[in-house]
Amino acid sequence: MTDEQTPAEDTPFETEDLAQEVEALKAEVAALKEQALRYAAEAENTKRRAEREMNDARAYAIQKFARDLLGAADNLARATAHSPRDSADPVVKNFVIGVEMTEKELLTAFERNGLKKIDPAKGEKFDPHLHQAMMEQPSDEVAAGGVVAVLQAGYELMGRLVRPAMVAVAAKGSTGPAPSDASVGGNPYAEAAADGDGSGGAFDTKA
């Protein structure tokens, strides 16, 4: 074997080793990239879970306090609903304005802390997840399954129901226009009406 032949014979082996090394490096880079993406996804999931747990802890911490304040909100609502706004006495007028401002400030504080009032409008579809039916009554203004009147407003805290809205619901056979959400899914009153049974049904009288 001459000196001139040696480099020529070694070159294929060096090229093959280099190609194998490049392939190995590519595989390692791909594995590291996949690992980095997995770690990034895990970090994002951990962040979201921590945020969710923090919101849950905050909601649970203020839920009892919020529930205790609902009685005060109810009393203020009753006071403003029956207040003598047309009184000629300036002292009475100022008192009424003060009570209304107090109620408004309390509701603003509720909203600021994630406590949202549930006060369905007349004709809105009964939602068993947010409303509690206290009675049924026939109506020529609201179709079966619609809210006729709100007896007591409800509240939800950051998406969790603290207290359902207590409502009167249009009974089967009511002839008013359809509720604002015309679907009957999940609405036992509208479902019963859709069956064509015009008889009165049982109703919930629990407070």
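# Briefing: helices, strands and charge pairs in a predicted model

M134 is buried, at a relative accessible area of 12% (buried means under 20% relative accessible area, exposed over 50%, partly exposed in between, with a 1.4 Å probe and protein chains only). This is a predicted model, where local features need pLDDT of at least 70 and side-chain atom pairs count only at pLDDT 80 or more, while totals for chains, interfaces and linings use all residues. Residues are numbered from 1 along each chain as its sequence is written, and side-chain values use heavy atoms, with hydrogens and water left out.

**Overall layout**

- The chain has three helices and six strands (DSSP runs numbered from the N terminus: helices are H or I with at least four residues, strands are E with at least two).
- Along the sequence the order is α-α-β-β-β-β-β-β-α.
- The chain has 207 residues, and 27% of them are buried.

**M134 in strand β2**

- M134 sits in strand β2, which covers residues 131-137.
- V169 is 35 residues from M134 along the chain, yet their C-alpha atoms are 7.9 Å apart.

**Strand β4 and its two partners**

- Strand β4 (residues 154-157) runs antiparallel to strand β5 (residues 160-163), and three bridges join them (two strands pair if DSSP finds at least two bridges between them).
- Strand β1 (residues 115-118) also pairs with β4. That pairing is antiparallel and has four bridges.
- Which residue of β5 is the bridge partner of L157? It is R160.
- E156 faces L161 in β5, and E156 is also the bridge partner of K116.
- In a regular strand the side chains alternate between the two faces of the sheet.
- In β4, G154 and E156 point one way, while Y155 and L157 point the other way. All four are buried.

**The β4-β5 hairpin**

- Two residues lie between the strands of this hairpin.
- M158 is in the loop between β4 and β5.
- M158 is not a glycine, but its phi is positive, at about 50°.
- Most residues other than glycine have a negative phi.
- M158 counts as partly exposed because its relative accessibility is 30%.

**Salt bridges**

- The whole structure holds four salt bridges (a side-chain nitrogen of Lys or Arg within 4 Å of a carboxyl oxygen of Asp or Glu). Three of them are described here, with R48, K64 and R163.
- Side chains of opposite charge can pair when their charged atoms come close.
- R48 pairs with E44, and their closest N and O atoms are 3.3 Å apart. Both residues lie in helix α1, four residues apart, or about one turn of the helix.
- R48 is partly exposed at 49% relative accessible area, and E44 is partly exposed at 34%.
- K64 pairs with D68, with closest N and O atoms 3.4 Å apart. K64 and D68 are four residues apart in helix α1, so about one helical turn separates them.
- K64 is exposed at 57% relative accessible area. D68 is exposed at 52%.
- R163 pairs with D74, with closest N and O atoms 2.8 Å apart. This pair links distant parts of the chain: R163 is in strand β5 and D74 in helix α1, 89 residues apart.

- Is D74 buried or exposed? D74 counts as buried because its relative accessibility is 11%.
- R163, the salt-bridge partner of D74, is buried too.

**A negative surface patch**

- Which residues gather in a patch of negative charge on the surface? They are E14, E16, D17 and E21.
- Patches are made of residues with over 30% relative accessible area and no salt bridge; like charges are joined within 9 Å, and nonpolar side chains (Val, Leu, Ile, Met, Phe, Trp, Tyr) within 5 Å.
- Asp and Glu count as negative, Lys and Arg as positive; His and the chain ends are not counted.
- D17 belongs to helix α1, which spans residues 5-81.
- D17 counts as partly exposed because its relative accessibility is 48%.

Conventions. Accessible areas come from the Shrake-Rupley method with a 1.4 Å probe; for residues, only the protein chains shown count as cover. The place of a charge is taken as NZ of Lys, CZ of Arg, CG of Asp or CD of Glu.
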